[in-house]
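Here are my notes on the model you sent. Please read them with the coordinates open.

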Amino acid sequence: MLFLTRWFGVTGSDAERNLDKEKSEIEEITAKVLLMQSQAAADQHRPLGRGTHVKGTSARAQFEIFDVTSGRDPGLAARLAKGIFSKPGVYPAVVRFGNADSKINSDFKADVRSLSFSVDLTRNGTAVPNAIVGRQDFSLQNTTTLPINDAPAFLAIMKLLTASNPAAGLWSLPFKDKLRVIRTLALVQVQAHQKITPYQQMRYGSNVPFRHGPIDIVKYSATPFQDNQARPLERSNPNALQDELVRHLKEDGKMSAFDFGVQLLDADRMTYWGKRHDTNFWTENASLKWNQVEAPFYSVARLTLLANSQLLQDAGDATYFDVTGNATPDSKPVGSINRARQQGEAASRKARLTTETSGERESLNVLSTHG
């Protein structure tokens, strides 16, 4: 099957990947990200927002790391006990649930949903050993893979999404990029048309891989507890997802929690259409699923929402998540799509926060003038 999916951008070996060209692709991706961000704001006649996941709700939470060695095989326990998971602890966190689109839409518009959260590692001055950074960020979506396979696919789809005429934009792409776009759009449609359930009852996954110590590589998952409370969503309410989450935080007696798991990459066991491939195959192709039968998730922590903790609008808008910048050295993201998105996300965040700061300054000037 690899001989077929190669036509659509899946790479089988390092010989098929051009890291030198990737650097220029990342520059183009960054420019397209900023263009899409500004176009979305202009189309909706609103200030500049996030480049993607623009609509969301933030709250406070608690991240409890388990003793991952308890009751486990010593070899497995040693692999799991890396980075912030090397010792038990309870840390404050900020979470944000959102919709993936670059525009503010009804919550019932087909879309991918996200759960991002930041863990404060300082814990009143008691930092995680060897953490170096003061926080670790996680970004997950209600999918198991990313539809965009790698940097070439990312650039191709961004060219289409920012084209003034989508049909002409698609036609202008080289043949292989057309195939990359077709595959990406097909995967997006499947992921975006899932059953819509309350944020606190969705299962989320990191989609992309991260280092887990000096040797291992993992993906993350956040699985909702079966007794997470929620009321039926009101179809007539375009903000039903965020309103239900806020209601839950204010009214329910028991707060929702998620079991946080890690999935270890085991190239010797994992297969793609019945064949084994090297580690880079699994890290460089973000659109390929890691079969949970071959590579199961292991529970290592629990994320629990805190009652009455919704952040005010300004505080929520100011939150950001950076899985590259806010990561311990042994938990950095890996793979082409991670290398490609970091620069664009940083540029998008800078543009948004700079605009917000400028807006606040102008408001203060107006108040001063009309004192």
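1. Val246 is buried, with a relative accessible area of 14%; buried means under 20% relative accessible area, exposed over 50%, and partly exposed in between (1.4 Å probe, protein chains only). Val246 belongs to helix H7. Helices (H or I, at least four residues) and strands (E, at least two) are DSSP runs, numbered from the N terminus. Not counting residues up to four places away in sequence, Val246 touches Thr57 and Gln310, where contact means heavy atoms within 4.5 Å. Val246 and Arg235 are eleven residues apart in sequence, with 17 Å between their C-alpha atoms.

2. On provenance: this is a predicted model, in which local features need pLDDT of at least 70 and side-chain atom pairs count only at pLDDT 80 or more, while totals for chains, interfaces and linings use all residues. Residues are numbered from 1 along each chain as its sequence is written, and side-chain values use heavy atoms, with hydrogens and water left out.

3. How many salt bridges does a search of the whole structure find? The search finds 19, a salt bridge being a side-chain nitrogen of Lys or Arg within 4 Å of a carboxyl oxygen of Asp or Glu. Side chains of opposite charge can pair when their charged atoms come close.

4. One of the salt bridges joins Lys254 and Asp227, whose closest N and O atoms are 2.5 Å apart. Lys254 lies in the loop between helix H7 (240–251) and strand S8 (257–264), and Asp227 in the loop between strand S7 (216–224) and H7, so the pair ties together parts that are 27 residues apart in sequence. Lys254 is partly exposed at 44% relative accessibility, and Asp227 is partly exposed at 39%.

5. Glu251 and Arg231 form another salt bridge, with 3.4 Å between the closest N and O atoms. Glu251 is in helix H7 and Arg231 in the loop between S7 and H7, 20 residues apart, and the pair links distant parts of the chain. Arg231 has a relative accessible area of 46%, so it counts as partly exposed.

6. Asp322 and Arg349 also form a salt bridge, the closest N and O atoms being 3.3 Å apart. The two are 27 residues apart, with Asp322 in the loop between helix H9 (313–318) and helix H10 (336–369) and Arg349 in helix H10. Both Asp322 and Arg349 are buried. Separately, salt bridges that share partners join Arg231, Glu244, Arg247, Glu251 and Asp252 into one network.

7. Helix H2 (residues 19–43) packs with helix H4 (residues 151–161) at an angle of about 30°, their axes 9 Å apart. Axes here are lines fitted to C-alpha atoms, for helices over the stretch in contact, and angles run from 0 to 180 degrees between N-to-C directions. On the H2 side the contact residues include Ile29, Val33 and Met36, and on the H4 side they include Phe154, Leu155 and Met158.

8. Which residues make the nonpolar surface patch of about 760 Å²? Met1, Phe3, Leu4, Trp7, Phe175 and Trp273 do. Patches are made of residues with over 30% relative accessible area and no salt bridge, with like charges joined within 9 Å and nonpolar side chains (Val, Leu, Ile, Met, Phe, Trp, Tyr) within 5 Å. Accessible areas come from the Shrake-Rupley method with a 1.4 Å probe, and for residues only the protein chains shown count as cover. Met1 sits in the segment before helix H1 (2–5) and is partly exposed at 36% relative accessibility.

9. Trp273 is exposed, with a relative accessible area of 60%, and is found in the loop between S8 and helix H8 (279–284). Its phi is positive, near 50°, in a residue other than glycine. His53, which is not a glycine, has a positive phi of about 55° and lies in the loop between H2 and strand S1 (55–65).

10. Tyr298 lies in strand S9 (residues 297–305) and counts as partly exposed at 22% relative accessibility. Tyr298 and Val262 are 36 residues apart in sequence, and their C-alpha atoms are 5.3 Å apart. Leaving aside neighbours within four places in sequence, the contacts of Tyr298 include Arg72, Leu76, Leu80 and Phe260.
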